[in-house]
Amino acid sequence: MTGVVIAIFALWALASVLVLVPRFSPWIRAYDLFGWVPEWKFFAPIPGRGDFHLLYRDTYPEGMSEWTELLLGGPRRPWNCLWHPGRRERKAAFDASREISRHLSPDLIDTIHVTIPYLAMLNHVSELPRMLPAVRTQFTLMYSESMVEQGVPSVSVVSHLHELHES
Amino acid sequence: MSPEIALGWCTRLAAFTIVLCSLEYLWGWRTLRDGGMISWRVGRLRLPVTAGGWTGNLFDLALAYPNILVFYTIRAGLAGMLAFGPAAWGAAWPLTLLLYLGGLLIEFRCRYGHDGADQMSSIMMLVITLAHVAGTDLAIKAALGFLAFQVMLSYATAGWAKAPMAGWRDGTYIAAILSTRIYGTPAVGKFLTERPRLAKLATWTVLTWECTFPVVLIAPPQIAYGYLGLGILFHVSNAVLMGLNSFVWAFIATYPAVVWWVLNRGF
């Protein structure tokens, strides 16, 4: 048994090195179904240098509301270096935003509304508590460069208007 | 330090990371609801096996809301037993295997919201399980060597991937990351943006440390411990400035393996 375990560690270590080689990486990733082979980058080589913003608006029988930005995960607090529960929601929104950005190419844009990240954002926006019953909702994803103080965020995605059903 | 004690400390620290992350998920329970950003209702659609049918119903038992809250409570409890319980519990491989499998289920539930700290804890639980399944001194030493190798590889990979990029070398990227809302402290980002030489110095300090980290495997103990001390400083800084609190515990959990290597490498 010890020999088997040592062989597993040796192969695992080898795969962890080979995944860094572009020639072997796709092959290893195809078989790494459980995420055993890590690829530690820590923001390398080119980090994200901006923020995504998720906004939504609703339509009512009387008209349409203004866009409202969702502050997912809430603001950062001084104690977040020890205890940071909001990090998960913020990271989840970031992950979904990055994934949806990959569907913005002309050959994929027509199917964007059936992708998981689109559905995740639509699901979240649709389930938000509302003071008044809205008829339809729409979300938009915007991106702002962090170091451009006066810059206007650019629009990445604008969803269709989706019917809201009372549950 | 004996291999058992070194692996025991790795286990306690990795388990503590899982306790912390599980309690954070429970505290932020709203995001796990069907309407949350980490929703099973949407996450299950990624795979046919989880999307529906009897297999989907089976996954519902652990992953649907509010069952997921019970799942995280049990996970925190099991990890707490390893983190704070008697040393013998750390060698109980069914416990570490359960924590590893639980981590896999969390990945299946929704791909969003996870990070490198989760991946490191998950890898550690599997490595510790394998070592204790074999149950020999040699397997435990191999596990420690593997963990020391992984942490060395993680820092070196990150450093050498950044080094060719002009934006890292001139300090622009570090100021830009720290200016974001998600990973930054905008006041510090602005401070560094206005002081490009300081941003460059901070980047080169991190880059040099990351790129040369593999020397811990061959350097004299004082230098090796210095590198590990800088590692703690690096992760604590990231926790304070970037909010990456769980990385502190997840990565420092591998350090007992490096210390064991330094003490026992025979040169």
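## Helix α12 of chain B

The buried residues of α12(B) pack against α11 (172–178) and α13 (196–211) of chain B; contact here requires C-beta atoms, placed from the backbone, within 7 Å. Helix α12 spans residues 186–193, and B:Gly189, B:Leu192 and B:Thr193 are its buried residues. These fall within an arc of 100° seen down the axis of α12(B), so they line one face of the helix. The arc is taken from the directions from the helix axis to the C-beta atoms. A residue is buried if 20 or more other C-beta atoms lie within 10 Å of its own. Helices are DSSP runs of H or I with at least four residues and strands are E runs of at least two, numbered from the N terminus.

## Basis of the model

This is a predicted model, in which local features need pLDDT of at least 70 and side-chain atom pairs count only at pLDDT 80 or more, while totals for chains, interfaces and linings use all residues. Residues are numbered from 1 along each chain as its sequence is written, with chains lettered from A and ligands numbered from 1 in the order in which they are written.

## Contact between chains A and B

The contact takes 51 residues from chain A and 58 residues from chain B. On the chain A side, α1 (2–18), β1 (50–60), α3 (86–101) and α4 (116–126) each supply at least two residues. The largest share, eleven residues, comes from α3(A).

How values were computed: Buried ≥ 20, exposed ≤ 12 C-beta atoms within 10 Å, placed from the backbone. Contact = placed C-beta atoms within 7 Å.
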